[in-house]
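I opened my notebook on this one today. Here is what I looked up, entry by entry.

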Amino acid sequence: VLLTEANRVPEALAAFRRMNEDYPELPDPLNNMAVLYAAQGQLDQARLALEAALRTDPQHRASRENLAEIHVRLAVRLWEGLVDGSAPVNEGLARKLRMARDLVRTPG
């Protein structure tokens with residue numbers, strides 16, 4: 001966590017990986033890795049780490065909350081691809097995109 005706060009992300013990821021290898025029953029290292037991946041825009045990597053965390057503890061609250069946010073952010077990416085300006089915008093899709101962006105506070 002200190003490495004993360006010092007913005008030493010590669011080292012923090014390596015430390016969390018080592019923690020996960022040493023303590024595979026703990027969801028927290030995977031959850032922390034996911035947060036770092038998400039901050040870097042690596043949403044698929046974040047999703048995989050959170051799914052792994054939830055396999056170790058299906059009730060881990062932080063991982064569940066973070067996975068929900070990752071799913072919303074992935075939905076935003078998909079919907080943005082559909083609203084690319086090449087076709088008329090479906091109002092229902094545009095409304096979903098606005099609501100999802102509001103949920104994750106993405107610029108848009």
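**Entry 1: an asparagine in a loop.** I started with Asn7, which sits in the loop between helix H1 (2–5) and H2. A reminder to myself before going further: this is a predicted model. Is Asn7 buried or exposed? Its relative accessibility is 63%, and the cut-off for exposed is over 50%, so Asn7 counts as exposed.

**Entry 2: the whole chain.** Next I stepped back to the overall layout. I found six helices and zero strands, so my sketch of the elements from the N terminus reads α-α-α-α-α-α. The C-alpha trace spans about 50 × 30 × 20 Å along its principal axes. The chain has 108 residues, and 31% of them count as buried. I also checked contacts with a separation of 6 or more: 42% of these join residues 24 or more positions apart.

**Entry 3: the core.** Which residues have the most contacts inside the largest nonpolar core? I wrote down Leu13, Met33, Leu36, Ala46 and Ile70, in a core of 20 residues. Helices H2 (9–22), H3 (28–39), H4 (43–56) and H5 each supply at least two of its residues. H4 gives the most, with seven residues. I then followed Leu13 on its own: setting aside neighbours within four places in sequence, Leu13 is in contact with Met33, Leu36, Tyr37 and Gln40.

**Entry 4: H3 against H5.** I looked at how these two helices pack, and found an angle of about 25 degrees with the axes 10 Å apart. Angles under 35 degrees count as roughly parallel, so H3 is roughly parallel to H5. The crossing of H3 past H5 is left-handed. On the H3 side I listed Asn31, Val35 and Ala38, which meet Ala62, Ser63, Asn66, Ile70 and Arg73 in H5. Sorted by class, this contact has four nonpolar, three polar and one charged residues.

Entry 5: Ser63 was my last stop, and it lies in helix H5, residues 61–82. How buried is Ser63? Its relative accessible area is 0%, and the cut-off for buried is under 20%, so Ser63 counts as buried. Which residues does Ser63 touch, beyond those up to four places away in sequence? I noted Pro27, Asn31, Leu50, Ala53 and Leu54.

Methods: Residues numbered from 1 in each chain as written. Predicted model: local features only at pLDDT ≥ 70, side-chain atom pairs only at ≥ 80, totals over all residues. Heavy atoms only, no water. Helix = DSSP H or I, 4+ residues; strand = E, 2+ residues; numbered from the N terminus. Buried < 20%, exposed > 50% of the residue type's maximum accessible area, 1.4 Å probe, protein only. Contact = heavy atoms within 4.5 Å. Core = buried A, V, L, I, M, F, W, Y, C linked by side-chain atoms within 4.5 Å. Axes fitted to C-alpha atoms, helices over the stretch in contact; angles between N-to-C directions. Parallel < 35°, antiparallel > 145°, perpendicular 65-115°, else oblique. Left-handed = near helix turned anticlockwise from the far one by under 90°. Nonpolar A, V, L, I, M, F, W, Y, C, P; charged D, E, K, R; others polar.
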